[in-house]
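This briefing is meant for a reader who is meeting this structure for the first time. Please look over the sequence and the model before going through the points below.

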Amino acid sequence: MASSAGLALCGQALVVRGGSQFLATSTASSDDDSLFTYDCSSAEKKSQENKGEDGQPVEKGSDTILASTFSKSGSYFALTDDSKRLILFRTKPWQCLSVRTVVRRCTALTFTASEEKVLVADKSGDVYSFSVLEPHGSGKLELGHLSMLLDVAVSPDDRFVLTADRDEKIRVSWAAAPHSIEAFCLGHTEFVSRIAVLPDHPELLLSSSGDGTLRLWEYRHGRELHCCHLPSLQEPAEPWGCKRLAASRIAYWSREGCVALLCDSVPVVYVFQLDAPGRQLVYRQQLSFQHSVWDIAFKETQGLWVLQDCREAALVLCRPLDGQWQPAPEDAAVRRVCAHLRGNWAVLEGSAGADAGFSGLYKAAFDNVTSYLEKKQERLRRRQRRRGDPPPGPNGQTKRVRSGPAS
């Protein structure tokens, strides 16, 4: 199955993933040109992976990477794949530490701030924790929703676990006692696709949804502070103007208080400025690209890295200049990483045309009343034709002519 490519940055480490593989290298300006590659299809597999909860065989997974992330310090990297595995790596130097089985296919994962655990959210609405310090330990069920989870995050002090689900809710739970719910952030009218706690403003949360909004919350109290309607930012002439906007990535740059938003299947990155004292987001501009944009990530010392569907220039580095973000001239690090991607383009080829898979999550609308009335009218018309009576009136009633003597 096709899967959208992904980009992750932490410190000097950069990871690009596509299909069942990922490439890891350094963005440092030194002469370090080393490249670490990993293919999930060659990872160890356990026989029980292919059995369902009832013990019966189930369809084998495709090994496609579904989600991946760095730990806060960049010392660890973790991913989950379509074969229901959690794979943990050490990054200095790169080394696979463990391959563990998860109960169901996962949608998102994150490390705790202490880097002692990995939290994994799955399609059934559960969150499991896996130890980093004991890399072969089994998972522990922490909390559950009644609908599919789409993202999971933790507060910078590890006190709260935040989860976003398909049923429009963001839940804030105590990490020490996940059954204890601190608050709900309610207001979205479609599935919540992404959430992000701001590291330099730990009381604030960003969320995006299939309803086409980006919202700012004071999450401990479930209070919405600001809402940006993305369709209002689109130009009428844009070819994707009729598409529904669901964010596939929220990126935040602490250095400048900048928020970048990438929406599913749209070659545009929306840029906002966080006004923390005013508790609001200020729209700045949109960056348009000629090719499909797969993912985005900020590097604190450089700017915004953009991964796009272009073999010759797969990565673009954007920086602010005179108050406007724009692509910067290629430096040595960008050229080196792009050369690695050109030489391993087969990793990304299967991602062409793929999206984040949000199209099937929208609520379906049904107009049962109109359908009922149309069928009723049709039944009445057929009945009148058989009886030879006049056709029914607009309210479905038939006017009958009363017979009697002429006056």
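The model is a predicted one, and a search of the whole structure finds 16 salt bridges, some of which are described here.

**Salt bridges**

- R85 and D63 form a salt bridge in which the closest N and O atoms are 2.9 Å apart; because R85 lies in strand β7 and D63 in the loop between β4 and β5, the pair ties together parts that are 22 residues apart in sequence.
- R85 is buried, with a relative accessible area of 0%, and D63 also counts as buried, at 6%.
- E182 pairs with R220 in a salt bridge whose closest N and O atoms are 3.1 Å apart; since E182 belongs to strand β16 and R220 to the loop between β19 and β20, this pair links parts that are 38 residues apart in sequence.
- E182 is partly exposed at 26% relative accessibility, and R220 is likewise partly exposed, at 32%.
- E224 and R215 meet through their side chains in a salt bridge of 2.9 Å, N to O, where E224 counts as partly exposed at 32% relative accessibility, whereas R215 counts as buried at 8%.

- K375, K376, R379, R383 and R386 form a positive surface patch; among them, K376 is placed in helix α3 and is partly exposed, at 32% relative accessibility.

Terms used:
Residues are numbered from 1 along each chain as its sequence is written. This is a predicted model: local features need pLDDT of at least 70, side-chain atom pairs count only at pLDDT 80 or more; totals for chains, interfaces and linings use all residues. Side-chain values use heavy atoms; hydrogens and water are left out. Patches are made of residues with over 30% relative accessible area and no salt bridge: like charges are joined within 9 Å, nonpolar side chains (Val, Leu, Ile, Met, Phe, Trp, Tyr) within 5 Å. Accessible areas come from the Shrake-Rupley method with a 1.4 Å probe; for residues, only the protein chains shown count as cover. A salt bridge is a side-chain nitrogen of Lys or Arg within 4 Å of a carboxyl oxygen of Asp or Glu. Lys and Arg count as positive and Asp and Glu as negative; His and the chain ends are not counted. The place of a charge is taken as NZ of Lys, CZ of Arg, CG of Asp or CD of Glu. Helices (H or I, at least four residues) and strands (E, at least two) are DSSP runs, numbered from the N terminus. Buried means under 20% relative accessible area, exposed over 50%, partly exposed in between (1.4 Å probe, protein chains only).
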